[in-house]
Structures are given as structure tokens and as C-alpha cells.
Amino acid sequence: MITSTARIESANAPRYLARLCRHFSHKRQVEWTETEGKVEFDMGTCFLEARDSVLTLKAAATTAEDLSKVQQVIGSHLERFAAAMKDGEQLTVSWQPAQ
């Protein structure tokens with residue numbers, strides 16, 4: 001598995017985790033609690049964790065192309081959800097390769 005991680009600082013971290021998981025649960029296999037989530041796509045998986053004011057995303061896939069797709073889908077949805085919120089938070093999801 002190839003993995004990458006994104007760390008997003010926001011007071012809304014738990015809300016974003018729940019929103020992403022709820023959104024994808026309509027068409028994907030999703031599990032989540034208040035602090036952890038897992039979204040399974042055909043091309044890979046995204047693990048989510050909300051602790052304090054940080055949302056950590058971990059994307060995993062078998063190929064670099066599939067990893068890029070997971071990153072794009074999760075990242076673009078999170079950025080769009082944040083911008084659409086009442087306070088209009090502007091987030092940028094920056095993925096880092098796993099070490």
C-alpha cells in the first residue's frame with residue numbers, strides 16, 4: 001500500500017469528519033465515530049481522525065494513480081464543505097507522502 005497524510009488545523013475538525021463520512025455513506029462503505037472515520041472507495045481508502053482542533057486524513061491505495069484519486073476526491077470535498085459553511089472557512093488540503 002502507498003499512503004499519504006494531510007493534517008488540517010480547524011476548530012471544526014469533528015464536524016468535517018462527520019460531514020465527509022455522512023456524505024460518502026450514501027454510496028460507499030463508511031464507518032465513523034465522533035473522532036475516527038474510514039471511507040472505502042474502489043480505488044483506495046481514506047482514514048480520518050479528529051483530535052482537538054486537527055483533522056488528520058490518511059489516504060491509502062495500491063498504485064500512485066489510485067492514491068492521487070483518493071486524495072483528490074477527499075480533498076476537494078473537504079475544501080468545498082468548509083467554504084460552504086456559515087463561517088466560510090477556507091481550507092487547503094496538502095498531502096504529504098508517508099515516511
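This briefing covers the nonpolar core, the strand pairing and the salt bridges of the structure above. The model is a predicted one. Its largest nonpolar core has 30 residues, and a search of the whole structure finds six salt bridges.

**Nonpolar core**

- Within the largest nonpolar core, the residues that touch the most other members are Leu-48, Leu-55, Leu-57 and Leu-78.
- At least two residues of this core come from each of strand 1 (2-9), helix 1 (13-24), strand 4, strand 5 (54-61) and helix 2 (64-84), and helix 2 gives the largest share, with seven residues.
- Leaving out residues up to four places away in sequence, Leu-55 touches a set of residues that includes Ala-6, Ile-8, Ala-13, Tyr-16 and Leu-17, together with Leu-48 and Leu-78.

- Strand 2 (residues 29-32) and strand 3 run antiparallel and are joined by four bridges, with Gln-29 standing opposite Glu-40 of strand 3, and a hairpin of three residues connects the two strands.
- Strand 3 also pairs with strand 4 in the antiparallel sense, over five bridges; here Gly-37 has Leu-48 in strand 4 as its bridge partner, and the hairpin between these strands passes through four residues.
- Thr-45 belongs to strand 4 (residues 45-51) and counts as buried because its relative accessible area, 15%, is under the 20% cut-off.
- Beyond its neighbours within four places in sequence, Thr-45 is in contact with Lys-38, Val-39 and Glu-40, and also with Lys-58, Ala-59, Ala-60 and Val-70.

**Salt bridges**

- Glu-36 and Arg-51 meet through their side chains in a salt bridge, at 3.2 Å from N to O, and this pair links distant parts of the chain, with Glu-36 in strand 3 and Arg-51 in strand 4, 15 residues apart.
- Both partners of that pair are partly exposed, Glu-36 at 40% relative accessibility and Arg-51 at 36%.
- Arg-7 forms a salt bridge with Glu-9, in which the closest N and O atoms are 3.0 Å apart; Arg-7 is exposed at 56% relative accessibility, and Glu-9 is likewise exposed, at 57%.
- Lys-69 forms a salt bridge with Glu-65, with 3.7 Å between the closest N and O atoms, and both residues lie in helix 2, four residues apart, or about one turn of the helix.
- Lys-69 is partly exposed, with a relative accessible area of 40%, whereas Glu-65 counts as exposed at 54%.

Conventions: Residues numbered from 1 in each chain as written. Predicted model: local features only at pLDDT ≥ 70, side-chain atom pairs only at ≥ 80, totals over all residues. Heavy atoms only, no water. Buried < 20%, exposed > 50% of the residue type's maximum accessible area, 1.4 Å probe, protein only. Contact = heavy atoms within 4.5 Å. Core = buried A, V, L, I, M, F, W, Y, C linked by side-chain atoms within 4.5 Å. Pairing = 2+ DSSP bridges. Salt bridge = Lys/Arg side-chain N within 4 Å of Asp/Glu carboxyl O.
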